[in-house]
Amino acid sequence: MSELLVQMDNVSKSYGPITALGGVNLSVYRGEVVGLLGDNGAGKSTLIKVLSGAVRATGGTISIKGRQVEMNSTTDAIDNGIETIYQDSALVTQLSIARNLFLGREPIKGSKFFGRMDEAKMEAVASELLKEVGISKNIPPTTPISALSGGERQAVAIARAMHFESDLIILDEPTNNLGVAETQGVLQFVRNAKASGHSCIFIAHNIHHVFQVVDRIVVMRRGAIVADDIDPKTTTVDAVERIITGMDS
Amino acid sequence: MGKLSKLLSVRPEVGPAVLLVLLIVIFTSINPKFLSILNISNTLAFTVELGLIALAMTLLMTSGEFDLSVGSVFGLTPVIMWALFNGTDIPLEFAFLFAMAIAICIGLINGWFVTYLKIPSFLVTLGMLLVARGTALYITDGFPQRTWNASDEWLSAVLVGDIQIGALRLYMSLFWFILAAVLLHYTLQKTKFGNWIQASGGNAHAARARGVRVDATKIKLFVLSSALAGFAGIISSIRTSAANPNSGTGYELEVIAMVVIGGTALMGGRGTIVGTVIGIFILRLMRNGIVMIGVPGLAYNIFIGAIILGMMALHSWLDRRNHSGG
């Protein structure tokens with residue numbers, strides 16, 4: 001068994017009288033791709049928001065590599081090696097690929113007082129990352145994000161997560177609104193991330209996409225995890241759908 | 001056509017630059033005195049005062065906010081400085097620093113209301129416009145403050161002293177404008193802070209998720225906007241020998257027009273100081289040129305409105321044509 005990367009123990013989240021998460025336990029191991037499935041309102045998004053620091057848990061603990069951490073903001077999550085990629089990629093469309101990759105962590109050249117960005121370094125690294133993540137087209141790193149397709153934008157977001165040595169990449173509906181070819185591209189990016197030693201949590205409405213890339217499937221229902229060790233190689237899509245809808249019981 | 005639209009999209013200031021050259025050619029061909037040394041000298045003197053405010057507004061608008069109180073701060077800051085200098089024994093330098101501190105405080109208050117209370121900058125700065133203008137009128141009883149007793153002060157020479165080069169008279173304010181333009185262009189295009197400004201206006205949520213201090217960035221820009229508006233007001237008061245509590249009325253819209261004509265996006269995310277400098281000269285040359293060629297000055301707003309609409313249409317067309325992603 002590889003290293004235990006993330007452990008969520010009895011994590012809960014309430015909004016006033018409404019319980020969105022009711023004492024959830026989730027573990028993710030290094031190099032593992034976990035598929036998180038569930039119907040609308042099952043609690044997937046809340047769980048991911050807690051893990052990515054977007055909302056604070058009401059109760060429970062989160063440990064990263066055996067050390068208990070506080071997730072009070074998205075920067076806390078990033079500092080702890082957790083990157084989240086949303087369906088809109090969370091990129092700034094007006095900025096170039098290179099500037100997006102380094103946003104918030106821009107390398108500085110010369111005196112720190114003037115804060116001049118080392119753009120040559122940013123562009124060189126961006127070019128390498130685009131190849132590494134599997135973008136086959138020759139896209140200059142100075143290209144603005146607005147000129148890229150949906151799949152290419154996801155690739156840039158994944159490249160960013162890989163570059164900053166994130167241990168865990170959370171992909172929240174990354175294939176929404178993408179065409180067939182672009183979806184296959186994003187799934188390949190996930191495989192490349194796993195091959196380079198990153199763990200992923202993959203959330204998608206389309207179960208077939210999840211089955212193509214994950215090692216293990218976790219199913220949520222009504223704010224709780226109802227199955228957390230489904231092997232996609234030995235389970236059918238129908239069986240998982242029955243667990244999601246509660247028809248299995 | 002494709003190459004032209006790509007060039008105009010990558011360099012949004014090219015379109016306004018072409019318009020500026022056209023205006024100079026048209027005005028000069030109708031009235032050759034348009035390019036006379038005297039006219040250039042007069043145009044530059046007033047242009048750079050409004051221009052200083054437009055430079056700061058470019059950065060603020062790139063971050064997704066704007067400031068309607070700049071015209072009032074332009075009027076209030078010199079009123080405070082001269083009221084203090086004329087009514088007490090304190091030296092001009094201290095009065096200058098005190099007035100600038102008030103301008104900075106106004107920027108801080110604007111920024112705090114927008115970022116912490118989450119009130120749109122349109123409403124916050126509209127309120128501040130009234131507060132600042134009302135204060136200027138209240139402390140002066142509506143009368144201009146005298147400034148001619150500052151002619152011997154070194155500060156006056158530093159701010160608005162003039163240099164005669166042949167028949168051309170240049171004011172020190174031009175130096176301050178060029179310095180501000182170079183520094184702010186460098187900041188916006190080359191520095192980490194500039195990247196944060198563009199990210200804050202382009203996608204504040206994404207920027208925050210990457211650790212960009214969006215609120216702090218915007219507060220700094222509100223302070224810059226107020227500070228440069230106050231500084232420009234002081235320069236103007238010394239040049240015209242009067243600190244009128246009503247001066248700067250309506251400047252906010254003219255400044256925003258300069259910035260937008262230059263190619264800065266009204267909704268944030270994209271800005272260009274070079275474009276703003278061109279936008280500043282387009283508006284000032286229009287005001288000056290239409291009078292010189294015999295068009296009634298009251299028709300000025302018709303031309304400015306038409307230019308704004310034309311430039312908006314151009315930038316919108318370029319965005320749709322060149323940005324294929326969706």
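How many residues does the contact take from chain B, and how many from chain A? It takes 22 from chain B and 23 from chain A. Keep in mind that this is a predicted model.

Staying with the chain B side of that contact, helix H9 (192-202) and helix H10 (204-209) of chain B each supply at least two residues. H9(B) gives the largest share, six residues. Sorted by class, the side of chain B that touches chain A has eleven polar, six nonpolar and five charged residues.

Now to a helix pair within chain B. Helix H3 (residues 37-62) of chain B packs against helix H8 (residues 172-190) of chain B at an angle of about 20°, and their axes are 9 Å apart. An angle under 35 degrees counts as roughly parallel, so that is what H3(B) is to H8(B). The crossing is left-handed. On H3(B), the residues making the contact include Leu44(B), Val48(B), Leu52(B) and Leu55(B); on H8(B), Trp176(B), Phe177(B) and Leu184(B) are among them. By class, this contact has twelve nonpolar, three polar and one charged residues.

Last, the sheet in chain A. Four strands form an open sheet in the order E2-E1-E4-E5, with antiparallel pairing. Strand E2 (18-29) and strand E5 (67-69) of chain A are at the edges; each has a single partner strand, so one side of each has no neighbour in the sheet. On average, neighbouring strands are turned by 25° against each other, direction ignored. Further in, E1 (residues 4-15) and E4 (residues 59-64) of chain A run antiparallel and are joined by five bridges. If you want a place to look, Asp9(A) has Thr61(A) in E4(A) as its bridge partner.

How values were computed. Residues are numbered from 1 along each chain as its sequence is written. Chains are lettered from A and ligands numbered from 1 in the order in which they are written. This is a predicted model: local features need pLDDT of at least 70, side-chain atom pairs count only at pLDDT 80 or more; totals for chains, interfaces and linings use all residues. Two strands pair if DSSP finds at least two bridges between them. Axes are lines fitted to C-alpha atoms, for helices over the stretch in contact, and angles run from 0 to 180 degrees between N-to-C directions. Two residues are in contact if their C-beta atoms, placed from the backbone, lie within 7 Å. Ala, Val, Leu, Ile, Met, Phe, Trp, Tyr, Cys and Pro count as nonpolar, Asp, Glu, Lys and Arg as charged, and the others, Gly among them, as polar. Angles under 35 degrees count as roughly parallel, over 145 as roughly antiparallel, 65 to 115 as roughly perpendicular and the rest as oblique. A crossing is left-handed if the near helix is turned anticlockwise from the far one by less than a right angle, and right-handed if clockwise.
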